Amino acid sequence: MHMKKLVMIGNGMAGVRTIEEILKLSPNQFEITIFGQEPHPNYNRIKLSNILQGDASFEDIIINPLDWYKENDIQLFTGEAVTKIDLKAKKVFSDEGREVEYDELIIATGSNSFILPIPGADKLGVTGFRDIKDCEMMINSASQYKKAVVIGGGLLGLEAARGLLNLGMKVDVVHLMPSLMERQLDPIASSLLKAELESQGMNFLMEKETVEIIGDERVAGLRFKDGSFARADLVVMAIGIKSNIGVVKDSGIYVNRGIVVNDYMETSAPNVYAVGECAEHREIVYGLVAPLYEQGKILAERICGKEAAPYEGSVTGTQLKVAGVDLYSAGEIFEDGTTKSIMVYNEYEGIYKRVLVRNNKIVGIVLYGDTKDSTRLFRMLTKKEDITGVSIFESQCSAESGSGDIASMPNDELVCGCNGVTKGAIVEAIKTQGLTTLDQVSHCTNAGRSCGRCKPMVNDILAYTLGDQFDAAAAQKTSICSCTTISREELIAEIKEKGLTSVKEVMNVLEWNNEEGCTKCRPAINYYLGMIHMDEYKDDRDSRLVNEKMHANIQKDGTYSVVPRMYGGVTTAADLKKIAVVAEKYEVPLVKLTGGQRIGLFGVKKEDLPSMWEELDMPSGYAYGKTLRTVKTCVGAQFCRYGTQDSMALGIELEKKFERLDTPHKVKMGVSACPRNCSEAGIKDIGFVGIDGGWEIYVAGNGGVDLRAGDLLATVKTEAEVMEMTGAYLQYYRETANYLERTSKWVVRVGLEHVKEVLANEETRKALNERMDQTLKKYIEPWNEAIESENIKDKYYAVHTVKAGE
Amino acid sequence: MILTKTRTLVANYSVLPVRAGYSVKLHDNEVALFKVTNGKVFAIENRSPHPKGGVLTEGLVSGEFVFCPVYDWKISLADGKVQAPDEGQVKTYQVEVEEDNVYIIK
């Protein structure tokens, strides 16, 4: 059968969603070709701010990997732009000289950042915030430069500013208007937001109009209309979007601000459609995801020849994705003579909610500080429900009132606008797949996986569907994992009370519903048992995850890394020689200094591990464990002219004492001989900073994903006091943290003041240290153990080669 | 053409560790044998169906499932199917245990 040729220009969210809808409706109708100007598969642009803020990697936000295109027989040309459309010949031409014919053509070229047409806007260090390239540029700049200015106090600008703060830059936000997000927020919400962001470290320059960007090749600053000036190494313009319509220029297709389309996304040219941010529908160009998906659906129906309901425009809701800020807005913002407001304003807790009502119907919503009502209110707004007698704000008692609300909700109603998931689909997934937690529902149905705004609603649906079986606590995942409903505290109490001594016993006695557990609970139970029965517990090696089981880090190709212990980052010429000899002999593909001041040998086959360890004859560096990893040190008083204390000696002593200790998560330490902090002690789980006549002890720092500076726990005079305080602190963490909870999260959860209070008591400190010392006695060097035990070598490291045939 | 199946002795039943993978190189294939708690032996290809690859022998074993050690996918040892929400399937081999001998049929 002859397949029609469908060509799409653009490989973004709106376009690819349209293709997905087409494949659903009519999988074999078209031979599909897609041109994408960016060199990537399709990614989730809403999540760029998560990348910038350090919460996601690029791979996390890919929506359709390259395999998806292959599986669906889609010809994809990435890094290639279409430059010309010939409507008569029904052909498109690319910048690589390609010519492709079409029967149907979809233009989904999206938009670009609007860049102010002012002098200097073309300087190095000026960028928009639209694609992964912009993101990378901002991340790179942050590693070299200090000061950023974001122009635009709207949604995108504030998200960009938060990201730049996370990257360690100082950030000014320049805004033309007197209040932030003025198109979405009323002045009260706006001022609450500004105060919160200021407390997070953003500096606002309000009512400033940028007239010039100054600098030589690279930007150095901005000049404003009032003559004032702001210094900048990086300028991000986040003031809006401009439809990317260059490709239709000279083609004869009618454009205004975007490519003008009718209610079926048809352009003025036959068989040519436009969808997404490049399209202008009823004089509106949408820059948010939900409407683009609505458009895609209608366009797909049209192209497949189905009878489609016309697209009549969208009312959109906005949510700010910035940590510490709960904010939602939709519809109209300002009162006129025909509207009335329903308001809740709790200044003390920073909660502000306002719903704008006209003729008994909601026409606008602003929620700040508590956005749980957003989905329900937004639905009432879009459905134009009569609100007479309906209570508007009820999020405090969500489960019950939510249920009544869910009952009346039709099955085909969209719950997750981003991913097009209906109530019916969620209910069915819960019923057929036996789901009990929000996470599981998100996983199975995709609901809540994009912007996350619908999560409270999904939770309500879960509560409603499960009825009596719904366990609110379990759904919020306070249980250890889905194998049980028991929480960590209950588990520890049960282990102590019933005297449980093995992983298997715990799961049997406490009636695990999955009799051999999973990767979440088994390592956790193993840890808790070891922590409670500090001397007699025999570690269950098969309940440990791969790295700890193998005592080496697994790499993605199945090879391992070997990192020998190097106490305090100090080594000798003899050890260096040994490492070199072994690396050469085993043809180690990569020798690298690790982030913790040690030498790592990467790319080792598992069957080579024991013999390499034997030849190295050095202890394991535990570069893989939930344990003390390294103690980083600076050279300190011995060599450095600023050093006040002997940081190397203290680092070595700490590492020797606490090595191999099991902890809820990995623990890193740093020792600096002076406040210059060359060993980055301020972002370690425990950091020591030498001062004149003593040491400052910082705790709960983290250099990882959630960058956090440590808090001062105590200042002590002697190294003996350092050891005592550290032992007590670590043991208290071991005893009270959830498994897989880093110290940075733990201290925030239990409170620094609480920890200080506990450790202030000398008796408590002594008892903690005693338990610590008893625990430390049981550890043996794992590499050495493996070398000496044929059983271990056989069970964990052998690969058996078999000759063919019996 | 007559299709014949070959039967290859790959291990002794008594030496197989319980709830741990056992790597076997068979021709060019790496096979992972698993003896689970109920005594059954399963053989699957030692390669995760995750797009980024990875091995399976080092995974945590629970019942008749193994959790892929690198990406934590839960995979059925019986039919090789990856459990929801993830998708995919690992190649499985037929296993025969005769006295102390474990054979792979293919």
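## A walk through chains B and A

Let's start at a turn: the hairpin of β3(B) and β4(B) has 5 residues between its strands, and G39(B) takes a positive phi near 95 degrees there. Strands here are DSSP runs of E with at least two residues, helices are runs of H or I with at least four, and both are numbered from the N terminus. This is a predicted model, where local features need pLDDT of at least 70 and side-chain atom pairs count only at pLDDT 80 or more, while totals for chains, interfaces and linings use all residues. Residues are numbered from 1 along each chain as its sequence is written, chains are lettered from A and ligands numbered from 1 in the order in which they are written, and side-chain values use heavy atoms, with hydrogens and water left out.

Strand β3 (residues 29-35) of chain B runs antiparallel to β4(B), and 5 bridges join them; two strands pair if DSSP finds at least two bridges between them. F34(B) has F42(B) as its bridge partner in β4(B). There is another neighbour too: 2 bridges join β4(B) to strand β8 (residues 92-98) of chain B, again antiparallel, and here A43(B) has Y93(B) as its bridge partner. Strand β4 (residues 41-45) of chain B has 5 of its 5 residues buried, so it is largely enclosed by the rest of the structure. Buried means under 20% relative accessible area, exposed means over 50%, and partly exposed lies in between (1.4 Å probe, protein chains only).

Zooming out, chain B comes to 0 helices and 9 strands. Of its 106 residues, 48% are buried. Its accessible surface is about 5,000 Å², with 48% of that belonging to carbon and sulfur atoms; accessible areas come from the Shrake-Rupley method with a 1.4 Å probe, and for residues only the protein chains shown count as cover. Among the chain B contacts (heavy atoms within 4.5 Å) with a separation of 6 or more, 38% are between residues 24 or more positions apart.

Further along chain B there's an open sheet of 3 strands, in the order β5-β6-β7 with antiparallel pairing. Its edge strands are β5 (60-62) and β7 (74-76), each pairing on one side only. From one strand to the next the twist averages 30 degrees. β5(B) pairs with strand β6 (residues 65-67) of chain B over 3 bridges, and V61(B) has V66(B) as its bridge partner.

Now hop over to chain A and find strand β9 (residues 104-107). Both of its faces are covered, with E104(A) and I106(A) buried on one side and L105(A) and I107(A) buried on the other. In a regular strand, side chains alternate between the two faces of the sheet. Strand β1 (residues 4-9) of chain A runs parallel to β9(A), joined by 4 bridges, and I9(A) has I107(A) as its bridge partner. Strand β21 (residues 272-274) of chain A is also parallel to β9(A), with 3 bridges, and A274(A) stands opposite I107(A).

Last stop: a pair of helices. The axes of helix α23 (residues 752-760) and helix α24 (residues 762-776) of chain A come within 5 Å and cross at roughly 90 degrees. That makes α23(A) roughly perpendicular to α24(A). The contact involves V758(A), L759(A) and A760(A) from α23(A), and E762(A), T764(A), R765(A) and L768(A) from α24(A). Axes are lines fitted to C-alpha atoms, for helices over the stretch in contact, and angles run from 0 to 180 degrees between N-to-C directions; 65 to 115 degrees counts as roughly perpendicular, under 35 as roughly parallel, over 145 as roughly antiparallel and the rest as oblique.
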